[in-house]
Amino acid sequence: MNIEVEHVAYSIHDKRLIDGICLQVKAGEMVGLIGPNGSGKSTLLKNMYRVLKPDSGLVTLDGRDMLRMKYKETARQMAVVSQDTPQAFDFSVRDIVLMGRHPHKKLLEADTAVDHELVEQALERVGMDTQADQGFATLSGGEKQRVLIARALAGQAKFLILDEPTNHLDIRYQLQILDLVKALQVTTLAALHDLNLAAFYCDRIYVLKEGKVVASGITEDMLQPNLLRSVFGVETEICIHPKTGKPSITFLPNSLRRGDNL
């Protein structure tokens, strides 16, 4: 599945939050979306998964205009995992994952043996099968995110949007979640707060600032000191890590300016 954003803009109260955004995610890629707070990352993603409606522009799935697709059809193709987990009340883990099958059902249609088999497979794939009967609300943050990914798998979504899903997790769970997503080999667009995680996991990166894409390309080309300085206002030292072969970013205190001795 390919998804393409063409010149999308969105405003609220006459304030332009994103302006002329263009991006593309090709089948099988994991593409990162980075930028400072308020740069428009979440606004863009919400326009893509139809919580918001663009003022102008186009979002297409495999060449089809999403605004002309039924919501249920969109939900069959696309799943979202955000930093804010839903209020699940008394739902069990299994119940939450079973919700991923709803876009495939007719009104009042009962769950089938196939639905339950897909749910069990998804829970096993994310390592939550032993907690299937546990209350969702009792889980840790990392466990909840794994369950939401299982819900996407049960729904057989071909495209996954991650809206800063690791923001409130400790480093163990951050790595666990992104390792899982990468292993799934599902076409993914991920807004990430941690640039080192983006460096390790993303094939390509789009950089947002003040609602516009200011740079895009292969991850190694994007994560450069000059670009990070202009976008984030920070000084960095970047090297290729000897074990990962990926860029490793060290953020320097504001007191250390270019040319200063460390």
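Q: What covers the buried residues of helix 9?
A: One note before that: this is a predicted model. The cover includes helix 7 (195–201) and helix 8 (219–222). It also includes strand 9, strand 10, strand 11 (235–240) and strand 12 (247–252).

Q: Which residues of helix 9 are buried?
A: Leu-227, Leu-228, Arg-229 and Val-231.

Q: And what comes just after helix 9?
A: Gly-233, with a positive phi of about 70 degrees.

Q: OK, on to the sheet. What is the strand order?
A: The order is 6-7-8-3-9-10. It is an open sheet of six strands, and the pairing is mixed.

Q: Which strands are at the edges?
A: Strand 6 (78–82) and strand 10 (212–218). Each of those two pairs on one side only.

Q: How many degrees are neighbouring strands turned against each other?
A: 15 degrees on average, with direction ignored.

Q: Now strand 3. In which sense does it pair with strand 8, parallel or antiparallel?
A: Parallel, over four bridges. The residues are 30–34 in strand 3 and 187–191 in strand 8.

Q: Which residue of strand 8 stands opposite Met-30?
A: Thr-188. Further along, Leu-33 has Ala-191 of strand 8 as its bridge partner.

Q: What about strand 9, how many bridges does it make with strand 3?
A: Four, and that pairing is in the parallel sense. Gly-32 has Ile-205 of strand 9 as its bridge partner.

Q: How many residues of strand 3 are buried?
A: Five of its five.

Q: Which ones sit on which side?
A: Met-30, Gly-32 and Ile-34 are on one side. Val-31 and Leu-33 are on the other. Both faces are covered.

Q: New topic: helix 4 and helix 5. At roughly what angle do their axes cross?
A: Roughly 140 degrees, and the axes come within 8 Å. Helix 4 covers residues 113–125 and helix 5 covers residues 141–154.

Q: Why is that oblique and not roughly antiparallel?
A: Roughly antiparallel needs an angle over 145 degrees. The crossing is at roughly 140 degrees, so helix 4 and helix 5 count as oblique to each other.

Q: Is the crossing left-handed or right-handed?
A: Right-handed, as helix 4 passes helix 5.

Q: Which residues make the contact?
A: From helix 4, Leu-118, Val-119, Ala-122, Leu-123 and Arg-125. From helix 5, Ala-150, Leu-153 and Ala-154.

Q: How do those residues divide by type?
A: Seven are nonpolar, none is polar and one is charged.

Q: Let's do some single residues. Where is Thr-43?
A: In helix 1 (residues 41–48).

Q: Buried or exposed?
A: Thr-43 is buried, because its relative accessibility is 16% and the cut-off for buried is under 20%.

Q: What does Thr-43 touch?
A: Tyr-10, Leu-17, Ile-18 and Leu-52. That leaves out residues up to four places away in sequence.

Q: Last one, Glu-6. Where is it found, and what is it in contact with?
A: Glu-6 is in strand 1. Setting aside neighbours within four places in sequence, it is in contact with Ile-21, Cys-22, Gly-57, Leu-58 and Thr-60. At 30% relative accessibility, Glu-6 counts as partly exposed.

Q: How far is Glu-6 from Val-51 in space?
A: 18 Å, C-alpha to C-alpha. In sequence they are 45 residues apart.

Key: Residues are numbered from 1 along each chain as its sequence is written. This is a predicted model: local features need pLDDT of at least 70, side-chain atom pairs count only at pLDDT 80 or more; totals for chains, interfaces and linings use all residues. Side-chain values use heavy atoms; hydrogens and water are left out. Two strands pair if DSSP finds at least two bridges between them. Axes are lines fitted to C-alpha atoms, for helices over the stretch in contact, and angles run from 0 to 180 degrees between N-to-C directions. Angles under 35 degrees count as roughly parallel, over 145 as roughly antiparallel, 65 to 115 as roughly perpendicular and the rest as oblique. A crossing is left-handed if the near helix is turned anticlockwise from the far one by less than a right angle, and right-handed if clockwise. Contact means heavy atoms within 4.5 Å. Ala, Val, Leu, Ile, Met, Phe, Trp, Tyr, Cys and Pro count as nonpolar, Asp, Glu, Lys and Arg as charged, and the others, Gly among them, as polar. Buried means under 20% relative accessible area, exposed over 50%, partly exposed in between (1.4 Å probe, protein chains only).
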